[in-house]
Number of protein chains: 6
Amino acid sequence: MSLIQVINPNTSQAMTETIGAAARAAASPGTDIIAVSPSQGVPSIEGHFDEAIAAIGVLEQVKRGREQGVSGHVIACFGDPGLLAARELATGPVIGIAEAAMHTATLVATRFSIVTTLPRTLIIARHLLQQYGFTHHCAALHAIDLPVLALEDGSGLAQEKVREQCLQAKLQDGSGAIVLGCGGMATLARELTQELGMPVIDGVSAAVKMVEALVALGFGTSKHGDLARPIAKPLSEAFQHLN
Amino acid sequence: MSLIQVINPNTSQAMTETIGAAARAAASPGTDIIAVSPSQGVPSIEGHFDEAIAAIGVLEQVKRGREQGVSGHVIACFGDPGLLAARELATGPVIGIAEAAMHTATLVATRFSIVTTLPRTLIIARHLLQQYGFTHHCAALHAIDLPVLALEDGSGLAQEKVREQCLQAKLQDGSGAIVLGCGGMATLARELTQELGMPVIDGVSAAVKMVEALVALGFGTSKHGDLARPIAKPLSEAFQHLN
Amino acid sequence: MSLIQVINPNTSQAMTETIGAAARAAASPGTDIIAVSPSQGVPSIEGHFDEAIAAIGVLEQVKRGREQGVSGHVIACFGDPGLLAARELATGPVIGIAEAAMHTATLVATRFSIVTTLPRTLIIARHLLQQYGFTHHCAALHAIDLPVLALEDGSGLAQEKVREQCLQAKLQDGSGAIVLGCGGMATLARELTQELGMPVIDGVSAAVKMVEALVALGFGTSKHGDLARPIAKPLSEAFQHLN
Amino acid sequence: MSLIQVINPNTSQAMTETIGAAARAAASPGTDIIAVSPSQGVPSIEGHFDEAIAAIGVLEQVKRGREQGVSGHVIACFGDPGLLAARELATGPVIGIAEAAMHTATLVATRFSIVTTLPRTLIIARHLLQQYGFTHHCAALHAIDLPVLALEDGSGLAQEKVREQCLQAKLQDGSGAIVLGCGGMATLARELTQELGMPVIDGVSAAVKMVEALVALGFGTSKHGDLARPIAKPLSEAFQHLN
Amino acid sequence: MSLIQVINPNTSQAMTETIGAAARAAASPGTDIIAVSPSQGVPSIEGHFDEAIAAIGVLEQVKRGREQGVSGHVIACFGDPGLLAARELATGPVIGIAEAAMHTATLVATRFSIVTTLPRTLIIARHLLQQYGFTHHCAALHAIDLPVLALEDGSGLAQEKVREQCLQAKLQDGSGAIVLGCGGMATLARELTQELGMPVIDGVSAAVKMVEALVALGFGTSKHGDLARPIAKPLSEAFQHLN
Amino acid sequence: MSLIQVINPNTSQAMTETIGAAARAAASPGTDIIAVSPSQGVPSIEGHFDEAIAAIGVLEQVKRGREQGVSGHVIACFGDPGLLAARELATGPVIGIAEAAMHTATLVATRFSIVTTLPRTLIIARHLLQQYGFTHHCAALHAIDLPVLALEDGSGLAQEKVREQCLQAKLQDGSGAIVLGCGGMATLARELTQELGMPVIDGVSAAVKMVEALVALGFGTSKHGDLARPIAKPLSEAFQHLN
């Protein structure tokens with residue numbers, strides 16, 4: 001029995017539920033999902049400042065997950081906030097949803113497009129493409145120009161804009177797959193995949209499968225070298241819960 | 001119930017068995033493995049010429065697998081011969097073991113080392129690193145300087161040399177994981193992972209998990225764009241079985 | 001007296017003639033051209049599957065050419081199928097026409113455009129640009145969106161579309177040269193060069209000159225290192241003619 | 001009159017003093033330095049986990065600095081923790097010391113070496129080289145293999161090891177400048193520059209000069225585009241001081 | 001007291017004055033500016049040929065400046081002609097204005113646009129982006145399609161075109177800063193920065209601040225390694241003044 | 001009848017003869033070689049300063065060659081000084097010997113080594129590798145640590161050191177070809193090719209063949225775009241001979 005902790009790095013309960021639902025839909029029979037969010041943080045993540053705060057929440061949850069004996073962790077925000085820090089802290093694997101979606105896209109298509117929320121988050125996606133090695137695999141980036149929480153306002157407007165951008169990407173980009181650039185878009189992937197007739201990839205479900213795969217292969221995060229456990233040192237009070 | 005076809009691109013039956021065993025050990029309860037090799041080809045793959053021949057065998061088997069209704073395909077040679085051609089032919093996902101091992105390594109470590117067989121195959125690994133985007137994630141490449149089939153000669157010499165190179169890589173490269181650069185090394189990974197205390201990654205098992213993951217996510221190879229089915233055209237007699 | 005084997009990797013006789021004519025027009029007085037095509041293969045090459053099959057035909061012909069004592073070989077398909085495998089097999093130089101055209105373009109202009117046939121072949125050109133080091137020298141890629149054999153249907157439609165794309169490239173791309181992305185376009189280059197007033201480069205003639213140059217310099221393919229002759233091993237019946 | 005806030009992202013008072021001294025020594029007559037450290041954090045920064053915590057302290061101080069009307073900010077830890085987040089929060093310029101030292105090195109030499117503390121921090125330097133565009137300008141990275149706080153233990157051992165590594169870098173790397181990879185090494189630069197007869201660059205003083213320069217040019221961080229102020233949103237209690 | 005030599009590499013006196021004015025406006029109280037231009041050269045620099053000639057004038061002036069005891073040198077043409085040669089000759093720092101503007105842009109924004117004069121100079125900017133490491137930091141390049149000296153014709157037309165291109169860059173490029181790609185645009189930067197509400201960067205003033213910073217830090221050009229003084233050798237008469 | 005101008009960019013008559021001999025040995029029956037050197041310049045080229053001066057001599061000769069009606073030009077110094085400027089000035093093709101040797105090496109081997117003179121010139125080779133796109137094709141760079149003119153001192157010492165470095169490169173680098181990094185090494189290539197049993201490439205002969213090839217193909221330097229003739233403008237007296 002495998003237990004995967006899916007961490008929504010923001011504090012939006014609605015989004016945690018969206019993400020949790022997508023994770024559960026993707027999980028294998030033998031996998032249980034705990035969808036969590038930080039006790040303290042930002043309600044949505046739309047820039048580097050938000051990410052820096054969210055990273056602390058991710059670490060808080062990774063530590064808690066490790067203590068609960070989870071098999072692995074998913075960081076369910078498209079900027080993968082705190083990914084390498086979380087890997088130091090974790091014993092099991094830690095997968096970010098941008099990472100998961102981008103890797104997956106390169107396995108089913110030669111080039112992919114990204115559809116995300118606000119234009120200001122595009123730079124985060126660009127930096128991740130570079131860090132993960134996929135700059136040349138990305139044909140184009142698109143932003144719907146609506147904030148993250150528009151995906152949870154019940155109006156369906158943001159969802160419709162995502163769909164429009166995906167259709168446009170299909171027509172214009174010459175790419176074979178589309179990566180959805182926000183955890184809040186997780187539940188749209190299956191339907192868009194069918195409508196468009198090409199893989200539209202949600203990182204939450206992709207990340208769940210990657211954690212399952214790594215756990216089955218017997219791999220946690222490497223503790224040899226630069227992802228070894230953080231060197232023990234006295235933290236100030238505000239951060240002692242992370243030690 | 002999922003059926004994964006694991007294709008040993010060379011004609012060595014001993015290696016097909018090694019690879020099949022590794023694939024079965026990695027497969028989930030709901031997955032069946034068919035380990036196959038081409039009806040015609042080369043007994044081992046140690047260069048571009050061997051790869052070109054092996055690619056035909058891969059296509060022959062992918063076509064057969066597709067007709068058998070397999071869910072996905074693994075190309076179990078570290079050069080990933082015929083990968084993009086196979087993706088055109090396939091409906092389900094197709095994963096190469098170099099690709100699988102390299103992707104996996106970047107998920108558990110910041111940089112990895114490669115240990116392969118003959119020095120002349122290093123260029124193939126270098127080209128794949130570049131194509132997949134992982135040139136900067138690879139700290140060093142090592143060759144044991146023994147041919148592929150030395151892994152099947154029963155003497156254990158090649159296995160010992162692999163172990164030595166892995167130990168050296170651990171000491172010198174500053175990397176956090178090691179990728180085994182040959183399908184014939186598949187069964188060494190678990191033991192070396194334990195002995196070295198760091199992930200030593202076999203691409204066969206990694207690829208099986210990736211195919212399982214993609215199938216579970218509902219993704220085959222994208223048929224929109226440049227991996228669409230090959231354009232139908234009359235093939236000469238020698239290749240008609242591939243159509 | 002030098003003998004260059006120009007291999008059309010597809011089985012279209014019309015295209016072999018087009019290519020042979022372009023090669024002969026480019027050859028120096030002391031050079032004889034043998035234009036050949038595989039005994040078995042695909043009638044046109046428009047994807048990775050077609051390329052994998054064509055590579056076998058290329059090897060078959062390279063072996064035969066070597067036995068005939070040719071000085072060098074040209075692979076006359078814009079994807080350069082089987083190039084490195086052919087280099088292992090050959091003693092003399094082997095030049096692909098994409099390679100030849102791209103190298104030539106960088107010698108007469110700072111950046112170049114590519115005009116090719118079907119959009120699905122663009123990914124092959126992109127991968128070659130990366131492998132040869134010319135990604136940053138290519139200003140743009142264009143596809144006429146007609147199949148390769150449209151160049152041989154006698155209607156002149158494909159030729160007119162090539163011309164249109166070249167004119168558009170001249171206006172829009174800010175590049176100084178245009179590379180024609182198909183062996184079947186070989187005979188268009190001189191005329192377009194004159195009409196456009198800028199180098200429009202056909203890889204067939206460029207490759208012939210490169211082989212002549214290497215032969216004159218006394219260089220064959222390096223047999224030291226990873227392009228050494230394939231390691232001798234028993235091939236299955238279907239491939240024994242390649243040994 | 002210009003006021004520059006130099007933020008030691010760790011909570012080591014000794015290091016704040018070292019850094020403050022280096023900053024003051026570098027400041028122009030018209031510049032005042034405030035050397036600060038976070039109220040809460042880690043005593044030293046030796047990995048991604050430490051950096052994630054330190055980033056919060058950096059943001060806390062940047063906000064405070066902004067309220068105090070400082071002209072600009074320096075992040076005085078070689079990993080530049082929280083740099084882009086701080087830029088969103090700040091009005092004036094924000095410069096990291098790794099960034100400052102690397103930029104400076106490329107202005108006085110064609111290639112540079114880096115000497116840092118623990119081997120596990122090398123990956124942070126590598127990622128910054130890639131993000132800033134200087135991967136090809138860095139000839140080699142060296143680690144003294146002592147923790148950051150060894151620089152403050154009064155024994156001089158760490159300082160001696162830094163000197164040894166610098167001498168070795170001069171002999172072996174073929175580079176024209178050396179970048180000191182830790183804020184705690186700030187006061188060693190002038191002396192080593194003289195002893196080695198080549199620029200040995202401390203990022204603290206370099207960053208102070210860069211902030212002064214940007215302020216004099218009338219540039220703060222661009223508020224057009226992706227470094228605009230963070231979108232206002234309700235933060236949890238633990239992070240409200242950052243808003 | 002610091003003396004900075006600002007070299008206009010062309011022989012246009014009007015441009016030397018424009019550049020000198022911008023440099024003086026940027027200089028710190030303790031800095032004196034000498035704005036010079038070569039005794040022999042080209043009236044404007046709009047290609048590689050012009051640059052090759054201008055480089056000699058730059059060296060002539062760098063040598064003279066060194067003899068006058070200047071603290072450092074600025075090469076005030078956006079192609080940074082003769083930069084590395086000048087660094088060999090100089091003892092103090094030498095900064096090109098393209099280099100200065102590009103570095104500065106990356107410190108205040110994640111990506112920048114360039115607005116320059118003639119389209120044919122774009123290739124020079126592209127090559128500098130690559131050499132300095134900033135290819136991925138540049139969002140787009142624009143040319144006003146007017147010659148350099150149009151900036152000195154008094155009509156204001158060129159200035160208006162610069163303004164238009166800057167406005168367009170702001171709307172379209174998704175970048176956070178604009179780099180002005182000609183020394184003759186130096187005096188436009190402050191006003192455009194205000195009008196556009198984003199950093200519009202002139203390399204002349206940026207370079208002056210960088211030289212001041214390097215001088216204050218005690219750094220000249222590294223004389224260890226490949227920027228050491230040119231090896232003494234007998235020059236022909238026409239170049240003896242450079243020795 | 002084709003006339004190729006081979007320009008030794010330095011003023012050493014001995015080296016002009018060495019280069020001329022190599023060029024003549026490489027020229028086709030129908031090709032005449034004029035080996036020239038600048039009327040004014042440096043006796044050897046060992047850095048950027050020397051290159052800047054040499055570039056003027058190259059332009060002087062290119063202009064003269066154009067007036068003489070030569071078919072194309074070779075710049076016979078391994079730094080390819082003035083290459084793009086010369087291309088603007090020329091009508092026919094202009095090939096640098098570093099460019100020629102590097103391109104040739106990638107046609108006969110997957111990776112190559114470079115053996116050059118002084119360590120300080122390595123940076124020039126590195127920059128050319130980057131500009132031409134061959135950074136990843138170069139396995140290693142070696143310097144014999146003797147000045148250029150040691151190749152002309154008659155002692156044979158420099159030649160012996162070149163041989164030693166080539167042997168070492170063969171043993172250590174895992175490359176398939178060696179590029180000789182100085183025009184003065186031109187006559188060593190054939191013998192070393194035989195002794196080492198791998199291509200040892202002299203750029204002078206390679207460049208002659210490339211010019212012949214381009215001329216035969218009907219290509220001069222592209223005059224469309226950024227290599228168009230320099231814009232006509234009044235040059236100062238010292239440079240009027242270049243107009």
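Which residue stands opposite Leu180(C) in β7(C)?

Reply: The model is predicted, and what follows should be read with that in mind. The residue opposite Leu180(C) of β7(C) is Val115(C).

Strand β7 of chain C covers residues 177-180.

β7(C) has a pairing with strand β5 of chain C, residues 112-116, which is parallel and runs over 4 bridges. Val115(C) and Leu180(C), named above, stand opposite each other in this part of the chain. β7(C) also pairs with strand β8 of chain C, residues 200-201, again in the parallel sense, over 2 bridges. There the bridge partner of Val179(C) is Ile201(C), a residue of β8(C). In general, strands of a sheet are joined by backbone hydrogen bonds and may run parallel or antiparallel to each other.

In chain D, 4 strands make an open sheet in the order β6-β5-β7-β8, with parallel pairing. The edges of that sheet are β6 (138-143) and β8 (200-201) of chain D, each of which pairs on one side only. Strand β7 of chain D, residues 177-180, pairs with β8(D) in the parallel sense over 2 bridges. In that pairing Val179(D) has Ile201(D) of β8(D) as its bridge partner.

Back in chain C, Thr121(C) sits in the loop that leads from β5 to α5 (122-132). Thr121(C) counts as buried because its relative accessibility is 10%, under the 20% cut-off. Apart from neighbours within four places in sequence, Thr121(C) is in contact with Glu46(C) and Thr116(C). A polar atom of the Thr121(C) side chain lies 2.8 Å from the backbone oxygen of Leu118(C). Leu157(C) is 36 residues from Thr121(C) in sequence, and the C-alpha atoms of the two are 19 Å apart in space.

Next come the relations between chains. Chain C makes no contact with chain D, and their closest C-alpha atoms are 16 Å apart. Chain B and chain E do not touch either, with 16 Å between their nearest C-alpha atoms.

Chain D does touch chain A: 41 residues of chain D are in contact with 42 residues of chain A. These two chains bury about 3500 Å² between them, and 64% of that lies on carbon and sulfur atoms. Of the area that chain D buries against chain A, 21% comes from Phe49(D), Arg120(D) and Lys233(D), more than from any other three residues. The interface of chain D and chain A has 6 salt bridges. Asp50(D) and Lys233(A) form a salt bridge through their side chains, at 2.7 Å from N to O. Polar contacts between chain D and chain A number 20 residue pairs. On the chain D side, the elements giving two or more residues are α2 (48-68), α3 (83-89) and α5 (122-132).

The area buried between chain E and chain F is about 3500 Å², with 64% given by carbon and sulfur atoms. Phe49(E), Arg120(E) and Lys233(E) account for 21% of what chain E buries against chain F, more than any other three residues. Here too a count of 6 salt bridges is found across the interface of chain E and chain F. Lys233(E) forms a salt bridge with Asp50(F), whose closest N and O atoms are 2.7 Å apart. Between chain E and chain F, 20 residue pairs are in polar contact.

How values were computed. Residues numbered from 1 in each chain as written. Chains lettered and ligands numbered in written order. Predicted model: local features only at pLDDT ≥ 70, side-chain atom pairs only at ≥ 80, totals over all residues. Heavy atoms only, no water. Contact = heavy atoms within 4.5 Å. Buried area = accessible area lost by both parts, 1.4 Å probe. Salt bridge = Lys/Arg side-chain N within 4 Å of Asp/Glu carboxyl O. Polar contact = N/O pair within 3.5 Å; in protein donor to acceptor, adjacent residues only side chain to side chain. Buried < 20%, exposed > 50% of the residue type's maximum accessible area, 1.4 Å probe, protein only. Pairing = 2+ DSSP bridges.
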